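Let's take a quick tour of this protein model. Have the sequence and the 3D view open while you read.

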Amino acid sequence: MKETLKKFVAGLELDTRMLGMIGALVILWLSFNFITDGRFITPRNIFNLSVQTASVAVMATGMVFVIVTRHIDLSVGSMLGLLGMIMGALQVHILPQYLGLEHPLIWVITIVIGVGAGILIGAAQGWVIGYLAVPSFIVTLGGLLMYRGAAWWVTTGQTVAPLDSTFRLLGGGAEGTLGADLSWLLGIVASIAAVVMMVMSRRQKKSHGFKLKPIWAEYTLGAIAVALIMGFVAVMNSYPVPKGAVKRIYEARGEDIPQYAVMHGIAIPVVIVFVIAIIMTIIARRTRFGRYIFATGGNPEAAELSGIDTRLLTVKVFALMGALTAIAAVIASARLGSVGNDLGTLDELRVIAAAVIGGTALAGGVGTIYGALLGALIMQSLQSGMAMVGVDAPLQSIVVGFVLVLAVYLDIAYRRRTGH
């Protein structure tokens with residue numbers, strides 16, 4: 001039986017480190033569910049967990065590229081606060097003067113300016129690191145201090161609220177979801193896309209003469225992917241919107257209040273994370289830019305000798321990190337419905353921890369997007385679970401810090417054992 005199981009796992013050719021992470025997440029969920037008398041693994045809590053993970057998960061995908069190129073970005077939390085404050089000020093104090101309150105273009109202009117500002121800030125940091133050869137630790141540590149102060153300066157420390165109603169939908173909540181029907185449709189489309197990608201990957205490997213997995217392994221992996229996608233949709237569609245919220249939403253639309261239960265479905269921030277994850281995975285695996293990132297992280301000197309402009313590459317990587325931080329700022333501020341001076345505090349540590357726990361090597365050259373997403377989910381599950389149990393905030397920080405150090409140690413031990 002044991003040998004059969006080993007052959008089955010070997011035939012699937014799954015990353016053993018990823019299996020270990022999934023196992024750790026399952027144990028974590030089951031443990032918290034037992035301690036909370038079944039309140040942790042519920043549609044409501046999983047919905048909240050998915051929304052709470054979104055902003056850190058978006059930034060973690062960019063942090064993978066930063067760490068893979070042997071750099072670090074300590075400024076993302078403060079940058080998120082600054083970009084959130086800029087976008088909040090645009091919606092509340094500036095754009096309404098010219099366009100009017102709740103104009104349909106306010107949220108669009110806000111996001112465009114916010115992402116543009118993120119790209120400029122990130123590119124500026126990358127230029128100092130790449131062309132002036134100032135260590136990324138120092139540059140981004142300075143950014144951490146400067147951007148937090150600049151966020152206070154934008155509105156002299158005042159909380160900015162209320163944000164544009166359409167903009168707030170991007171943060172989730174009762175209204176910021178796809179609803180049951182669109183969620184099922186998205187699940188079906190995502191399942192088809194997953195299967196198509198597996199088929200295309202197999203054909204590409206075959207055309208290049210690479211060794212192929214057994215066909216039963218491909219079918220098994222496809223079935224697992226579809227089951228996970230549709231299972232997640234089913235859980236999200238089993239979380240009903242409170243009756244009071246349903247009444248408020250439908251009255252605001254001028255529609256009749258339905259007599260049946262209205263389900264949340266997948267939250268918009270989760271959709272954003274999925275889209276970002278797909279784009280970043282394609283960049284990492286299918287583009288010259290992605291190949292240059294991993295080549296530079298593996299051996300910077302060899303990459304430069306082979307003709308890669310590593311300085312310009314650094315600028316591009318940090319500019320991308322800035323853009324993703326702006327998107328995370330949209331999600332974080334929209335979820336709260338306001339922007340305060342503490343927005344993004346300590347997010348830089350959560351993002352770095354998510355990437356490292358997800359298998360991104362601090363020595364550079366190694367990292368995956370799906371690993372960073374899984375790492376972000378593990379981090380948020382740990383924090384949410386401890387909050388539900390009633391663990392004090394200082395003790396939560398102690399536990400998270402210990403888990404981070406343990407994850408790095410286990411990663412080092414794993415790479416020594418496997419020779420990677």
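Ile22 is partly exposed, with a relative accessible area of 36% (buried is under 20%, exposed over 50%, partly exposed in between, using a 1.4 Å probe and protein chains only). Keep in mind that this is a predicted model: local features need pLDDT of at least 70, side-chain atom pairs count only at pLDDT 80 or more, and totals for chains, interfaces and linings use all residues. Residues are numbered from 1 along each chain as its sequence is written, and side-chain values use heavy atoms, leaving out hydrogens and water.

- Ile22 sits in helix α2, residues 16–35 (helices are DSSP runs of H or I, at least four residues, numbered from the N terminus).

**Inside the protein**

- The largest nonpolar core has 62 residues, and Met63, Phe65 and Leu83 have the most contacts inside it (a core joins buried Ala, Val, Leu, Ile, Met, Phe, Trp, Tyr and Cys through side-chain atoms within 4.5 Å).
- Helices that each supply at least two residues of this core include α3 (43–68), α4 (76–99) and α5 (106–131).
- Leu83 touches residues including Gly114, Ile121 and Ala329, not counting those up to four places away in sequence (contact means heavy atoms within 4.5 Å).

**Asp347**

- Asp347 lies in helix α15 and is buried, with a relative accessible area of 10%.
- Its neighbours by contact are Val56, Met59, Gly77 and Leu80, again skipping residues up to four places away in sequence.
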